[in-house]
Each structure stands twice: as structure tokens, then as C-alpha cells.
Amino acid sequence: MGVGIDVGSTTTKGVLLDSSGNIIAKSLMLTGASAVQAVEKTLHNISSSSNIDLNGVPMISTGYGRARVELAEKSVTEITCHSVGVHYINPDIRLLIDVGGQDSKVIRVGSSGRPEDFELNDKCSAGTGRFLEVMARVLDVSIDELGPLALQSKTPCSISSTCTVFAESEVIGHIGAGKSAADIAAGVHISMVSKISALSKRVGVKEPVCVTGGVALNPAFKHHLSNQLGVELWVPDEPQLTGALGAAVIALEKKGEM
Amino acid sequence: MTQERPSEEKPYRRLETQTLLQQIALRHGLEAMEASENGNLAWVTSGFPVEIPIAMNLGVVYPEQAGAIIGAQKIGPEICGYAEDLGYSQDLCSYARSSIGSTEKPDKVPVGSLPTPQILLACNNICGTVLRWYDAISEMTGAPVFLLDTPPIDKQQLPHNREYVHRGVERLIEFIGSQFNRTLEEDRIRKVAELSSRATKLWISALEACKNKPSPLNCADRFLTMAPVVSSRGTEHCVEFYEAFVAEVEERVKNRIGAIRDEKVRLLWDNIPPWHTLRFFNILASRGVGFPADTYTHAWTGNMVGTDTHSIIDEVVETYSKVYLNMGLDAKVDKMCQLIKDYDLDGFVMFSVRSCKRYSLGQLVSKELVTERTGVPGVIIEGDMVDSRVYNEAQIETRVDALLEMLM
């Protein structure tokens, strides 16, 4: 067996694999203010839903809070874990675009499943899930409603992509000018996608391309990114779990069970 | 990254000649104070043909070096802040900000505040900011500024540019002469150039010794021991230091003693280091990761004597026009590829320094080109050399760890 724990800035994810590599338990919860507590809760969720005592089960941690997982044998970066995780589900994937709460990353996946090259966003949240969260709040809709709302737009507003704070002011300006929420939401997505698209082109768009992270669940993001890159995008069933899955796969590999 | 270990098990080895280095730094500081008191001190930029003011008996100091010391003391944000209080932007080079800040409030700098200059000598072969920065210092201290203008070179230096820089060097000699009422003696400049050349050759031999496995020097060693070749080349004591230093390096090579205890991965470093976080290199050393080469310390390998020119002024023109930062992007990429090949390196880390546009511009493109040509992977990390406010350790750690996972 192997456990992978991905402590992200927004959510903490956990995956337990049996020795044949099947997912037998998983957990997804908000990280909140304490990464340590989120890790404890995640381990508890996995253990109780699988009815397996995790003591002695090899564990790999990843994500920004990876050092907070005391039980982990080793921590591995989210870049390697996402690459391994996606390769495990779909070995054909050559480019992985992961958009999380705090960062976005583009990884060129080698045929062995290991990263060959990668780029991360710079010190700005304009190309991350946080950008959409901020804009959803300004538009007074939930984050789940933002994507479907944007897809209703026929004439998206123009919104700059340099800075979340400045873009928020722009959005408020558009609201004041009487623009529809759908057009503003579409502009927000196009703006964010342009950052991710530029990052992807820096690594080189090699098909098939996969999108993971919480933002992959957003239909407007997927639609506009596919348009800007000019390629079809493949999204796994549970795009938020790929990092944790990759960590669990590495834990199994370490134990020599795979 | 893992924590540093207690000193007895440190993963890196301290150089014996560091003690000598401290003595040289102290001596250099005292000489600069004396020169300032005697009305003879020049502040010079790091790529300035320092042999000329030295041959004309001026004391010289380097504000960039003072900036490095301010960074290493971890007071960069505070000292840069004094320049920002005067209205300078946070986007301005942190060497310039720390220089302006420490000139404004010298009593706030324990070590690294420079004595008052009588003349400011700037050469824009390293960047264009130096002129405005020295203008600001001139306003604060009353010292006049001289700019040696060296147009950037794309592949070959054009004849009219060479002539232009030649005239600039002649004007420099006239300017110092008129300010201090003295002339440049041919014998003296030849002697200084010869000493400068000897120091540079010794420095090059120490750098080249790092081709050995394990490398006798790591990045942090070179960043510290480069100080004399930057600030004191052209003097006897600079040559003496490098003779001792090279002897220690050769001894390490002979006995296969590495700068780090267990060298597993060899990387190239590009750009100025984060002076406030030199432990970055030591933490990686504990994981067996060393840096046998970097583009920064290799930038001080221009050798005056021996170039195929007719006069010492021609040699100055040749050497100082062709410094690393005054060449085009192609030359930078060539240099990095060459270092990766010659030093048998497994990958590279490019430090994108927010302050230093001249050095950092083009890194996105050059990263791609270097990987394409050498086949080794690289990563770009962001930060600043003096101002630790823009250095995000967690982000840097993730990027470097991911590179190492690709290699180890």
C-alpha cells in the first residue's frame, strides 16, 4: 500500500492505494489555517473510510505544506507528483497544466512519467485559482457558478491580466458601467487564461494536453484555454487529486510494490 | 530543503585562505579611508578599467561590493529603504539603492559604508543605471562623475565604436589629470596592467580547477574570493592573495578534496548571488549538490596584458568593451553552454534578479536555448541580490527541488 498527501494552499488531498495500485480511499478538504490539522484530518478520513491502520504504510507528502506531514518518509515537489499522477491515469499525456489555488504550473511529461521541463507562475496570483475566487466574490456568485455564468456571455469585457488587485478594480469599474455579470465573468476567464496560455507556450504545447487542479472543473476556463492553445484538453475525473495520487504512486514505487 | 547541520559535520569545507581574505578586506578598507582623507578616493563601477585610476595613484572602492556586504549583513531592506524614503523606486537596482541609502545614513551601516569619494568613475559596460546612480551620489557628496561610455557589442566591436571608446579612455586620463593635477606615467600603467594580468590569470586558474571532480570550490567560495580581483587588481597584495589561494585550490585538487563533502550533482549558477542567503548553496551542499561554475565570477576573467593590440589604451578598450554583460544574448548563451560542457555540469539554475535587468533580461529565452544545445535541464528562480524582501524561499525551494528530482 502507499499513501500520498498533497497539502495545497487551498485544499488538502489524500489518496491511499492498495498494493495493486487501486485507489481504496481518498479525501479532499479545505486546508484552512492549520496545515498540521488538515493533515491529521485527512489521514483520519482515509483511515476510517478504508478501515486500514496507516501506521507503517509508506507515505509521501507534496504541496506547499509538504514539510508539515510528519509521518511522511519523504517529501516530493508537486511538480514531480502531478506528473507521476497524471501519467498513472493516462500515460499518453505529454503536457500537464495544473492550476491550483496559489500557483499554476505547466509540466512537460516524459514518456516515463517524470517531468522533463516545467514553468511556474511568477510571484503574482493573476494566473491562479485565487484570481477566480476574488472575482467571484466581487460578482457576488459562488466559485462554482462563475464558470457557467461566463459561458453565457456573447461579448466578453476586456480585463487586464497583470495583477489580481488591479483587475478587481477593473471589474468594479465594469459593474459600475452597467456591464452584465456574464460578460465580466467571461472577461475574467479570458484574462486568467492568457497568463496560463503564455506559460504553456514557454514550455511548448505538445499534445495530448491535460488540465488538473481545482480550476480544471471550471467549464469556462477549459473552454477559453482550449481556444487560446488551439488544442483539445483532457481532464481526469478527479483533477484535484492528481498530486496526491502521484505521491501515493511514488510511495508504492519506493516500497517496491510497483 | 533540510536544515543546516552542526558545524563539526558541515557538508562544505572552509577555505584556509579566508583568513587572508579578511585581512586583505581590512587593509583595503583602511587604505580607502586614508585615500579619502588625503583627497584621493575614487568610487568605481565593477567593470571599470581600474588600472588607470590605480596607476594615477588614486584609492579605489566599489559600491557594488559594499552592496554585497550590506546584503550579507541582512540589512538590505533597511538600507535600501533609506533610498526609497528619498523617493527612489523599489524597482531601482538594489546595489544603487543600498549605495544611496548608506550614503544618506552611513551611521546605520555597521560594515560596508564607503568613505567619501573625491571622484566617481562609471563605465556602462555593466549597465546603464550606473550613470544615474553616480549622478545621485554626486549630488549627495559633491564629487564629479566621469562616464566611460562603451556601446554594447553584438558579435564584433565596430571600428568606429572602438575609436569612440579609445577617445573615452583618453578623456578619462585627461579628466583624472585635471582633477588631481597629475599625469599617467607609461611605466606605471604597464606595471599596474601587468599586476592586474597576473591576478586575473591566477583567478582563471582557480576557476578552471573546478573542472575537477570533486570541484575544489563551490559557488559561495568563489563569490567570496572574487573580492580582490574585483576591487584590488593591479596591486601587489592582490597577486599575493591569489598565489596563496591557488596553492590551496591546487592542494585540494591533488588530494581530491572537494568543496562539498559528497558531490553528486554539478550545476551552473547564472547571475549575481543572493548575498543575503548564501546559505542557499550550503543547504544544497548538504544534499550533495555543488556549483563548480557560474557566469558571475567568470565575468572577471578579462586579461589586459597579452591582447593583440598596440598600446595599453587599446588593451583597455579591448578588455573592458568585451565584458560579459556588454555582449549580446548569443554570447551569454555561448558562454553558458561552454561552461556546462567544460565543467561537465548536470543542469543549471538561473537567478532572475529583479534589480539587475541587464543581467536577467533574456533568461527565459536563453534557458530554452541552453537546454536545447546542451541537453541539460535548468530552472529559473526569482529574487534579488541585496533586497531580501523579494526573495521567496518557499517558491525557490519548490523550483530547485523539482529540478533536482529530475536529476537525482
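Two strands count as paired if DSSP finds at least two bridges between them, and helices (H or I, at least four residues) and strands (E, at least two) are DSSP runs numbered from the N terminus. This is a predicted model, where local features need pLDDT of at least 70, side-chain atom pairs count only at pLDDT 80 or more, and totals for chains, interfaces and linings use all residues. Residues are numbered from 1 along each chain as its sequence is written, with chains lettered from A and ligands numbered from 1 in the order in which they are written.

**View 1. The open sheet of chain B.** Here four strands of chain B line up in the order 2-1-3-4, with parallel pairing. Strand 2 (59-61) and strand 4 (145-148) of chain B sit at the edges with a single partner strand each, so one side of each has no neighbour in the sheet.

**View 2. Strands 1 and 3 of chain B.** Three bridges link strand 1 (residues 41-44) of chain B to strand 3 (residues 119-123) of chain B in the parallel sense. Look for B:Trp43, which stands opposite B:Leu120 in strand 3 of chain B.

**View 3. Two helices of chain B, packed together.** Helix 1 (residues 18-37) and helix 11 (residues 236-254) of chain B pack at about 170°, their axes 10 Å apart (axes are lines fitted to C-alpha atoms, for helices over the stretch in contact, and angles run from 0 to 180 degrees between N-to-C directions). Helix 1 and helix 11 of chain B are therefore roughly antiparallel (angles over 145 degrees count as such).

Key. Angles under 35 degrees count as roughly parallel, over 145 as roughly antiparallel, 65 to 115 as roughly perpendicular and the rest as oblique.
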